[in-house]
Amino acid sequence: MQMKTVHANGIDMAIADQGEGPAVVLCHGFPGLAYCWRHQVAALAAAGYRAIAPDMRGIGGTDAPPDPADYDRKTTVADMTGLLDVLEIERAVFVGHDFGANLVWDLPQWAPERVAGVVVLSVPMIERVTKPPSETYAEVSKDHFYHMDYFQHYGPADRELNAAPADFLARIYWALSDADRWFTCYDYPAEGNGYLDVLPEAPELPWGWMTSDDFSVFVREYSRTGFTGGLNWYRAMDLVWRQNEHLAGATIDVPATFIAGTLEPVVKMFSGSLESMPKLVTDLRDIRLIEDAGHFVQMEKPAEVNESILNFLSSVKY
């Protein structure tokens, strides 16, 4: 997948930009890259769309400001609108996964004139929580290790993950591909444990959905950059929560579709979210659960994900 660099919202941003036609912007999460969308970029371009997949702020070939405050919602929305501006695109459908999913759920409220529709993978829309997320993470970590709390504190996670990028990436991709496998992390206390201490060991590559060559792309980039930029998205979550206060009770009214694997840990974590989502997303056109797929559904089951995205796009008016 070919990458190029553009300057948007004051940072250099590495992007894949392939095809011609209505624009589809694909926003990855952690620990991802634009390369997570390699299967979708090719399929979208072949189907007559312009597929744009950035390395998100802090990750890969995109600039990584050191301050978590530079990953707040105002700034990350401006990254996406700035990207459209520099590419001279008026409106796009946005596709999001993991922390990219959270951003894409927010985009219709923050920049309604730029969003033709949204496709969200893995992270369902839920009602606004009543207290800063970090407080909930700290409470959960009293009972067991919880990565969301571990990520809040600058230093320990950065040092641990930066020292062993290949081991961490293999373990996290493997664990998150099956909810039951990943939830074994909860068997360990928070005190005295890092993420590598609680993640299950991964089998040797290749797996059914990850080749050794694919894996080497992620290892190479994270070995070069470290993980702090990605972790800063989590450290900005309280800021995002405060900035979204004005959206309490608001609905998402643009065309939308939701895709997740049946083994998705986030869906299992927020039980009941699929049933409540239509009340929050008024034009939710589909909820598709793909059998035998976990968190990285776009890589684990690309044909099924591509089919759902293309079916949705065919119904969207730009």
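How far is the sulfur of cysteine 36 from the closest cysteine sulfur, and in which residue does that closest sulfur sit? The answer is 12 Å, with the partner sulfur in cysteine 27, so the two are too far apart for a bond. Please keep in mind as you look around that this is a predicted model.

**Cysteines**

- The structure holds zero disulfides.
- Seen from the other end, the sulfur of cysteine 27 has its closest cysteine sulfur in cysteine 36, and at 12 Å that is too far for a bond.
- Cysteine 27 counts as buried because its relative accessibility is 0%.
- Cysteine 36 also counts as buried, because its relative accessibility is 2%.

**The sheet**

- Eight strands make up an open sheet with mixed pairing, and their order is E1-E2-E4-E3-E5-E6-E7-E8.
- At the edges are strand E1 (4-8) and strand E8 (284-290), each of which pairs on one side only.
- From one strand to the next, the twist averages 25°.
- As background, strands of a sheet pair through backbone hydrogen bonds, in either the parallel or the antiparallel sense.

- E5 and E6 are parallel partners joined over six bridges, and glycine 96 stands opposite valine 120 in E6.
- E6 is mostly covered, with seven of its seven residues buried.
- E6 and E7 run parallel and are joined by four bridges; here valine 119 stands opposite threonine 257 in E7.
- Strand E7 (residues 256-261) pairs with E8 in the parallel sense over six bridges.
- Threonine 257 has aspartate 286 as its bridge partner in E8.

**Helices against the sheet**

- Helix H3 (residues 99-110) packs on the sheet, where it touches strand E3 (23-27), strand E5 (92-97), strand E6 (115-121) and E7.
- The direction of H3 makes about 150° with that of E6.
- Together, E5, H3 and E6 make a right-handed β-α-β unit.
- Helix H16 (residues 302-313) lies across E3, E5, E6, E7 and E8, and it runs at about 170° to E8.

**Nonpolar cores**

- In soluble globular proteins, nonpolar side chains tend to be buried together.
- The largest nonpolar core in this model has 87 residues, and Phe94, Phe168, Tyr173 and Tyr195 are those with the most contacts inside it.
- Helix H7 (residues 165-176) supplies the largest share of this core, seven residues.
- Another core, of 24 residues, lies apart from it and includes Ala16, Leu44, Phe312 and Val316.

**A buried aspartate**

- Aspartate 79 is found in helix H2 (residues 73-86).
- Is aspartate 79 buried or exposed? It counts as buried, because its relative accessibility is 2% and the cut-off for buried is under 20%.
- Leaving aside neighbours within four places in sequence, aspartate 79 is in contact with Asn9, Ile11, Met13 and Arg57.

Notes: Residues are numbered from 1 along each chain as its sequence is written. This is a predicted model: local features need pLDDT of at least 70, side-chain atom pairs count only at pLDDT 80 or more; totals for chains, interfaces and linings use all residues. Side-chain values use heavy atoms; hydrogens and water are left out. A nonpolar core is a set of buried Ala, Val, Leu, Ile, Met, Phe, Trp, Tyr and Cys residues joined through side-chain atoms within 4.5 Å. Buried means under 20% relative accessible area, exposed over 50%, partly exposed in between (1.4 Å probe, protein chains only). Helices (H or I, at least four residues) and strands (E, at least two) are DSSP runs, numbered from the N terminus. Two strands pair if DSSP finds at least two bridges between them. Axes are lines fitted to C-alpha atoms, for helices over the stretch in contact, and angles run from 0 to 180 degrees between N-to-C directions. Contact means heavy atoms within 4.5 Å. A disulfide is a pair of cysteine sulfur atoms within 2.5 Å. A crossover is right-handed if, with the strands pointing away from the viewer, the path from the first strand over the helix to the second runs clockwise.
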